[in-house]
Amino acid sequence: MSRHGKSLLLAWGSRAAIATVIAFGLADAAHAQRTSGIQLTPDSGRYLINKDVPPNQRWAITWNLEDRTITGNVFFTDDSAEPQFIWCEQIGEAPSPNPAESQFSFRCFGAGPCAEAPCNPGSFVQISEVTLPGSFLYPPGTASTLSGNVQPIFTATCATNLACHVEGGAGPVDLSTGHSWAGTFLVTSTQDRQKFYVDPFDPDLSYLFNKVEGTGIGSRMPLNAPPLTQEQLDAIRRWILEGAANN
């Protein structure tokens with residue numbers, strides 16, 4: 001199995017699919033993309049991923065950004081086996097400035113259909129630990145993510161000492177790693193009660209972006225430091241435009 005997500009081999013031992021091997025043909029991405037699609041839910045909380053993977057599989061899965069799990073189904077387009085159900089928990093992440101090159105590690109479990117309630121949790125058996133690239137999980141053309149593009153800016157320029165935006169600091173918003181999304185996403189600004197710090201899909205109505213570009217109330221951020229570069233501003237703006245997900 002490739003560590004870089006070029007192939008993903010899954011097998012489980014349910015009665016319905018003993019010795020069934022499911023292969024992700026990620027190397028054949030051009031073919032898979034013809035009938036595949038990804039969508040971000042309106043609350044920016046989940047990516048809905050539908051992938052047709054040769055030779056005979058259709059993957060319909062959801063990546064939940066709140067609890068970092070993947071759930072969904074694998075269908076066999078040639079009816080060679082019953083649909084399979086998967087549940088994966090994220091166990092690692094290697095962000096990249098290029099979202100497509102980010103790497104995500106999961107521990108995955110699989111089961112066949114539940115014949116009759118109550119379903120037996122023991123039906124899920126561990127399949128494998130796998131690594132998937134951002135190119136598989138993010139919509140094509142994703143330009144900016146929180147972990148790979150925006151959080152490094154916050155960490156370097158905003159969450160630098162107790163006078164700034166860190167846990168327990170003087171600033172009203174904690175922009176440190178692991179806290180910045182919950183502290184800004186649809187959170188009402190303390191200076192402009194008509195705006196959220198981050199209003200998904202609309203950077204111009206996002207007070208955090210107003211502050212770093214110098215159009216918000218009071219001083220431009222970061223305080224007593226050089227303004228963000230145009231490249232840094234563009235990264236934050238693109239992230240908000242793309243939904244400001246906790247990605």
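What follows is a conversation about a predicted model.

Biologist: What does the secondary structure of the protein come to?

Modeller: Six helices and nine strands. Of the 247 residues, 46% count as buried. The protein exposes about 12400 Å², and carbon and sulfur atoms supply 54% of that.

Biologist: Why is Ser102 called buried?

Modeller: Buried means under 20% relative accessible area. Ser102 has 1% relative accessibility, so it counts as buried. Its place is in the loop between β7 and β8.

Biologist: Which residues does Ser102 touch, leaving out those up to four places away in sequence?

Modeller: Ala94, Pro95, Ser96, Leu132, Pro133 and Gly134. The side chain of Ser102 also reaches the backbone nitrogen of Ser96, at 3.0 Å.

Biologist: Is Asn64 buried or exposed?

Modeller: Buried means under 20%. Asn64 is at 13% relative accessibility, so it counts as buried. Asn64 sits in strand β5. Its side chain reaches the backbone nitrogen of Asp67 at 3.5 Å. Not counting residues up to four places away in sequence, Asn64 touches Gly45, Arg46 and Thr69.

Biologist: How do you know that Gly112 is buried?

Modeller: The relative accessible area of Gly112 is 15%, under the 20% limit, so Gly112 is buried. Its place is in the loop between β8 and β9. Gly112 and Gln84 are 28 residues apart along the chain, and their C-alpha atoms are separated by 5.0 Å.

Biologist: Why is Asn224 called exposed?

Modeller: Exposed means over 50%. Asn224 has a relative accessible area of 78%, so it is exposed. It lies in the loop between α5 and α6. Asn224 has a positive phi of about 55°, although it is not a glycine.

Biologist: And why does Leu186 count as partly exposed?

Modeller: Leu186 is at 42% relative accessibility, so it counts as partly exposed. Leu186 is found in the loop between α4 (180-184) and α5. It also has a positive phi of about 55°, and it is not a glycine.

Biologist: Now the sheet. What is the order of its strands?

Modeller: The open sheet has seven strands, in the order β3-β4-β5-β6-β7-β8-β9, with antiparallel pairing.

Biologist: What makes β3 and β9 edge strands?

Modeller: Each pairs on one side only. The twist averages 20° from one strand to the next.

Biologist: How do you know that β5 and β6 pair?

Modeller: Strands pair if there are at least two bridges between them. β5 and β6 have eight bridges, in the antiparallel sense, so they pair. In β6, Val74 stands opposite Trp59. The hairpin of β5 and β6 has four residues between the strands, and there Arg68 takes a positive phi near 60°.

Biologist: How many bridges link β6 and β7?

Modeller: Six, again antiparallel. Thr71 stands opposite Trp87 in β7. Eight bridges join β8 to β9, which also run antiparallel. There, Gly110 has Val125 in β9 as its bridge partner.

Biologist: Why is β6 described as largely enclosed by the rest of the structure?

Modeller: Because six of the eight residues of β6 are buried.

Biologist: Which members of the largest nonpolar core touch the most other members?

Modeller: Tyr47, Trp63, Ile70, Phe106 and Leu137, out of 25 residues. Among the elements that give two or more residues to this core are β4 (46-53), β6 (69-76) and α2 (134-137). Apart from this core lies another, of 22 residues, including Val150 and Leu175.

Biologist: Which residues is Tyr47 in contact with, leaving aside neighbours within four places in sequence?

Modeller: Among them are Ile38, Ile61, Trp63, Leu137 and Ala245.

Biologist: Last one. What makes you call the peptide bond from Ala117 to Pro118 cis?

Modeller: Its omega is near 0°. Pro118 is found in the loop between β8 and β9. A cis peptide bond also joins Met221 and Pro222, with omega about 0°. Pro222 lies in the loop between α5 (207-213) and α6 (230-241).

Terms used. Residues are numbered from 1 along each chain as its sequence is written. This is a predicted model: local features need pLDDT of at least 70, side-chain atom pairs count only at pLDDT 80 or more; totals for chains, interfaces and linings use all residues. Side-chain values use heavy atoms; hydrogens and water are left out. A nonpolar core is a set of buried Ala, Val, Leu, Ile, Met, Phe, Trp, Tyr and Cys residues joined through side-chain atoms within 4.5 Å. Buried means under 20% relative accessible area, exposed over 50%, partly exposed in between (1.4 Å probe, protein chains only). Contact means heavy atoms within 4.5 Å. A polar contact is a pair of N or O atoms within 3.5 Å; within protein, one must be able to donate a hydrogen and the other to accept it, and residues adjacent in sequence count only if both atoms are side-chain atoms. Axes are lines fitted to C-alpha atoms, for helices over the stretch in contact, and angles run from 0 to 180 degrees between N-to-C directions. Accessible areas come from the Shrake-Rupley method with a 1.4 Å probe; for residues, only the protein chains shown count as cover.
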